[in-house]
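Hi there,

Here is the structure I promised to pass on to you. My notes on what turned up in it follow below.

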Amino acid sequence: MDAPEEIKSRLDIADLIGEYLPLKPAGAGAFKALCPFHQEKTPSFYVSRPRQSWHCFGCDQGGDHFSFVEKIEGMEFREVLELLAQKTGVELPKFDQQKASARKRLQEVNDLAVRFFRSALAQLPQAEHARQYLKKRGVDDLTADLFKLGYAPNEWTMLSDALIKNGVTADELMQAGLSIKSDRGQGVYDRFRDRVMFPIADVHGNIVGFTGRILSEDKQQAKYVNTPETAIYHKSALLYGLDKAKGEIRRQNLAVIVEGNMDVVSSHQFNVNHVVAASGTALTIEQLALLKRFTSNLAIAFDQDAAGNAATLRGLDLARQQDFSISIITLPPEAGKDPDEAVRKDPEIWKDAIKHAISIMEWIYRQAFRNRHAEKPEDKKIIAREVLTEIRHIADPVERDHWLKKLAVDLGASEEALREVMGKQKGDTRYEIRNKNTKTEPLPRDHQREFEQRLFALMLYRLEIWRTGTQELVVTSDEWGEAEHTALYTVLLGRYPVEESLPATADPFSGSAIRPPAGLTPDETKIFNVLALLGEQTFQDWAIDKLRHELTVGVAAMRRLRTTQERTRLEDEMRQAERVGDTARIDELTQQFKNLL
Ligand SMILES: [Zn+2]
């Protein structure tokens, strides 16, 4: 029997699901409950003991032990396998055990640090100002417990000494990012001093790092200090609070994205539980992949000063390209500057603001009119341009029409004139938003470029990953959007046909220093070197399973992006064809559209 079968035979599915949901008997060997995967008032989620399976008749999802835990925990299959193997005492074939145990050890070290910071906050006389700070911000004990908030004393080696006494080595302290090597002598000193400590958990609740907020008024010091990138802490792949918010995000089918950790903490204290924080509003591809496990709907709460800023909107491009549906939360002026302040003033203000989040189109529309005079010709032109840039990319013709009509009325312009302006807007200006300062910043290109560079760098980082990408996922040259990537990839594929096994010495991917293969042009060599370097910087210390996962997610994202772009192109052509009434072309495009989907 293989491991999954063995696990299933040892663990009754009703017992397993019963740990997550209150199951009620529903006939012979059957149980029912309210479905955790969609909102409902009467139970349509059934578990069958004889068949050892589950199914929801409301949202038509179902499966076995593994699919249930995958969904409810937002885990990958491998992670579920490990979890359930541990639960049932089934031994798994060894899998990169050394790396796995190194990661586990770093988590242990972090757990010890959490305990130290917690007790420092509770007991140290010098932590009084930290206790006062949390009290002033209205954080109650339960919430402080839930988020494991702590205090890093204003000492140089107190944490390091305490953990070393607990059997942690200085090396481990540095690997965990908790301590820094001392310039003088052999010792290490504490990275976090005199700060309120926010432990950062991964999606499963493992503590992987910390953010420390300053307490003193010292302007010389950074307001926030974070754990540096470690083997388990990857800032761009984390969302603060997701481990606690994921269940509610799925139930509400909506994730609320805020900027500050305190916004999350305060929200949870008042039972607004589907809130997570990203550092800034520019969500990364990894963060989006995480969120996608739970929902495709995001409600974004911008910092009030940042709202209306072109850069803020651009931060959402990646999410928009990934087919997330996005709404914007606006706090009323009297609510304060961020969700944290709003919640403490009155939780209902915050709940209300979430409820009344508006679509991104609506938001852009309002922004365009803000602080401008629609009757002035100059302003009129700017408003029209900003809004039309968005309108022309609305896929649904009825919705497009709605906004055009509205804009015509609000600007006192004719629809014909607006259509003419829109017709003149050419090229990929989709994410080009004109700021009040008339600075034009085309957006998706940079993002796409960055994203592709990272993916390419990942493929070059390890031969195994290259092979997985070229052979298993069959990434082809034309899937790269950047011409230089297509070109380099073609050369590499040609040089190293996938079926040919490479002698180690000729292998450009072997060894610690990646060298470009012979025969590249100087330009190609340059690009290769940049990518190789990026790979080393980004993926150092990543375990192979994490690299593989990253690759799978990245390639899928690139493919989705391509499809979206192709769809946009077809829609544009379709509109063109409709305008001139070219029915043959319309038929042809419709067919292409169908093929794409
Ligand atoms: Zn359901």
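The side chain of R562 makes a polar contact with that of Q565 at 3.2 Å (a pair of N or O atoms within 3.5 Å; within protein, one must be able to donate a hydrogen and the other to accept it, and residues adjacent in sequence count only if both atoms are side-chain atoms). R562 sits in helix α25, residues 544-580 (helices are DSSP runs of H or I with at least four residues, strands are runs of E with at least two, both numbered from the N terminus). With a relative accessible area of 18%, R562 is buried (buried is under 20%, exposed over 50%, partly exposed in between, with a 1.4 Å probe and protein chains only). Not counting residues up to four places away in sequence, R562 touches Q448, E452, E479, W480 and G481 (contact means heavy atoms within 4.5 Å).

Before you go further: this is a predicted model, in which local features need pLDDT of at least 70 and side-chain atom pairs count only at pLDDT 80 or more, while totals for chains, interfaces and linings use all residues. Residues are numbered from 1 along each chain as its sequence is written, and side-chain values use heavy atoms, with hydrogens and water left out.

Now to the zinc ion. Its protein donors are C35 (SG), H38 (ND1), C56 (SG) and C59 (SG), at 2.1 to 2.2 Å (donors are N, O and S atoms within 2.8 Å of the metal, or 3.2 Å for Na, K and Ca; water is not among the atoms, so sites may look incomplete). C35, in the loop between β2 and β3, and C59, in the loop between β4 and β5, are 24 residues apart and link distant parts of the chain. The angles between the four donor atoms run from 101 to 120°, so the arrangement is tetrahedral (for four donors, all angles lie between 85 and 135 degrees). C35 is buried at 5% relative accessibility, whereas C59 is partly exposed at 23%.

Another residue to look at is F198, in strand β9 (residues 195-201). F198 counts as buried, at 2% relative accessibility. Beyond four places in sequence, the contacts of F198 include L149, F210, Y240 and M262.

Finally, there is an open, mixed sheet of five strands, ordered β13-β12-β14-β15-β16 (two strands pair if DSSP finds at least two bridges between them). Its edge strands are β13 and β16.

Happy exploring!

Key
Four donors count as tetrahedral if all angles lie between 85 and 135 degrees; four count as square planar and six as octahedral if opposite donors are over 155 degrees apart and all others between 65 and 115; anything else is irregular.
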